[in-house]
Amino acid sequence: MTRPIKLIHPIYLDVPMLVSFAAAIEGGMSFGSEVTTSSSKSKSVEAEASGSAGPSKLLSKFVSASAEGSVSGDLASKESSVRKEAREHTEASVAITLYDRLRRNGGYIVDPTDVEDLKTVSPGALVEIGGTIEKNAIDSIIDIAAAAEILVQLGSNAQPRPQQPSKKKGSAATGPASDMERVRACLDRDRQRTPFSNTIMRCSVPKGVSAIVTLRTENLRDLTLSELHKNAVRVLGKVTRTIDHGEEICPFENYGMSLIDPTILSRITSQIKASEGITAELSEVRLTGPAIQILPLMVFV
């Protein structure tokens, strides 16, 4: 009996890496195929002509030869049909197929279960880990700044801020911005200049390990980070770095804020968490090993 394929649900996919891996294992990869099925049926009856005289044998199958005789000929019928069926892969179905192949063939995926197993993992290994993903501190601060701005608007009885007339024709009208607006806009600009967004995974497998999961922003659709935040997921990806016990790494090192002294950053995050009216949960500004950094092929449940 054929073992059923495991149906995973990908939340995040690095499609170029996905297709490359699938093509390497399958000897090529097509996103579409066409299946054509044909069938036919035929039936024939042959009889001899009778009569005193008649035409040629070919014609005797279709016309009578004389008044005294009659002829019957082939009765033939043919039925045929052609059915075409187009089959298209989706990105998710390629991911499901690839994951099944990697698992079925064995030897492709490393499955560290504890800290000791992690010591044998080197950069370049394809690993699968599980746990809960969190946004890094800077991404959370951007969300908090947006929430604070909403709170300010509610506190002003939702009165619209007066707009100043624009100086250039066709330009957007501008007005005084709150401090939180400026903070959010500044941090968001810094975030958008980099092609990556790091998240933190609190691993349940391997136990006692943290991971920095480096997501490509081009592969993120709207709300993906919010969908991943605080959710228990599985990650399959390439290890790009290992952080030994006692070593530290900045979870948002691709952001400009990573250049600020960690002590100052910790003080800022503490002040934000103490803000009245805002329920703030911020991850640490420095992540301590043992940990690994992963460029994910897929994040799934």
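**A predicted chain: strands, salt bridges and loops**

Student: Is Arg 104 buried, partly exposed or exposed?
Tutor: Arg 104 counts as partly exposed, because its relative accessibility is 37%. Please keep in mind that this is a predicted model.

Student: Which side chain does Arg 104 meet in a salt bridge?
Tutor: The partner is Asp 100, with an N to O distance of 2.9 Å.

Student: Where do Arg 104 and Asp 100 lie?
Tutor: Both belong to helix H2, which covers residues 91-105. They are 4 residues apart, or about one turn of that helix.

Student: And is Asp 100 buried or exposed?
Tutor: Asp 100 counts as buried, since its relative accessibility of 5% is under the 20% limit.

Student: How many salt bridges does the structure hold?
Tutor: There are 17 salt bridges. One of them joins the side chains of Glu 116 and Lys 119 at 3.2 Å, N to O. Glu 116 and Lys 119 are both exposed.

Student: Which side chain meets Glu 134 in a salt bridge?
Tutor: That is Arg 202, at 3.2 Å from N to O. This pair links distant parts of the chain, as Glu 134 sits in strand E4 and Arg 202 in strand E5, 68 residues apart.

Student: Why does Glu 134 count as buried?
Tutor: Its relative accessibility is 13%, and buried means under 20%. Arg 202, at 27%, counts as partly exposed. Salt bridges with shared partners bring Glu 134 and Arg 202 into one network with Lys 230, Glu 281 and Glu 284.

Student: Where is the place of Lys 230?
Tutor: Lys 230 is in the loop between helix H6 (224-228) and strand E7. Its phi is near 70 degrees, a positive value in a residue other than glycine. Lys 230 is partly exposed, with a relative accessible area of 42%.

Student: Let us change topic. How many helices and strands does the chain have?
Tutor: The secondary structure comes to 7 helices and 10 strands.

Student: In which sense do E4 and E5 pair?
Tutor: Strand E4 (residues 126-135) and strand E5 (residues 196-205) pair in the antiparallel sense, over 6 bridges. Within this pairing, Gly 131 stands opposite Cys 203 of E5.

Student: How many bridges join E5 to E6?
Tutor: E5 is joined to strand E6 (residues 210-216) by 7 bridges, and these strands run antiparallel. For example, Asn 198 has Thr 214 in E6 as its bridge partner.

Student: Which residue takes a positive phi in the hairpin of E5 and E6?
Tutor: Gly 208 does, with phi near 75 degrees; the hairpin has 4 residues between the strands. Pro 206 also lies in the loop between E5 and E6, and a cis peptide bond joins Val 205 to Pro 206, with omega about 0 degrees.

Student: What joins Gly 289 and Pro 290?
Tutor: They are joined by a cis peptide bond as well, with omega about 15 degrees. Pro 290 is placed in the loop between strand E9 (287-288) and E10.

Student: How many bridges join E7 to E10?
Tutor: There are 9 bridges between strand E7 and strand E10 (residues 291-300), which run antiparallel. Gly 237 stands opposite Pro 296 in E10. E7 (residues 232-243) also pairs with E4 in the antiparallel sense, over 7 bridges. There, Leu 126 has Lys 238 in E7 as its bridge partner.

Student: How many disulfides does the structure hold?
Tutor: The number is 0. A disulfide is a covalent bond between the sulfur atoms of two cysteines. Among the cysteines, Cys 203 counts as buried at 12% relative accessibility, whereas Cys 186 is partly exposed with a relative accessible area of 44%.

Student: Which residues make the nonpolar surface patch of about 300 Å²?
Tutor: Ile 150, Leu 151 and Leu 154 make that patch. Leu 154 is found in helix H4 (residues 137-155). This leucine is exposed, because its relative accessible area of 57% is over 50%.

Student: What percentage of the 301 residues count as buried?
Tutor: For the whole chain, 34% of the residues count as buried. Its accessible surface comes to about 18200 Å², and 53% of that belongs to carbon and sulfur atoms. Among contacts between residues at least 6 apart in sequence, 77% join residues at least 24 apart.

Notes:
Residues numbered from 1 in each chain as written. Predicted model: local features only at pLDDT ≥ 70, side-chain atom pairs only at ≥ 80, totals over all residues. Heavy atoms only, no water. Pairing = 2+ DSSP bridges. Helix = DSSP H or I, 4+ residues; strand = E, 2+ residues; numbered from the N terminus. Patch = residues over 30% accessible without salt bridge, like charges linked within 9 Å, V, L, I, M, F, W, Y side chains within 5 Å. Areas by Shrake-Rupley, 256 points an atom, 1.4 Å probe, with all protein chains shown as cover. Salt bridge = Lys/Arg side-chain N within 4 Å of Asp/Glu carboxyl O. Buried < 20%, exposed > 50% of the residue type's maximum accessible area, 1.4 Å probe, protein only. Disulfide = S-S within 2.5 Å. Contact = heavy atoms within 4.5 Å.
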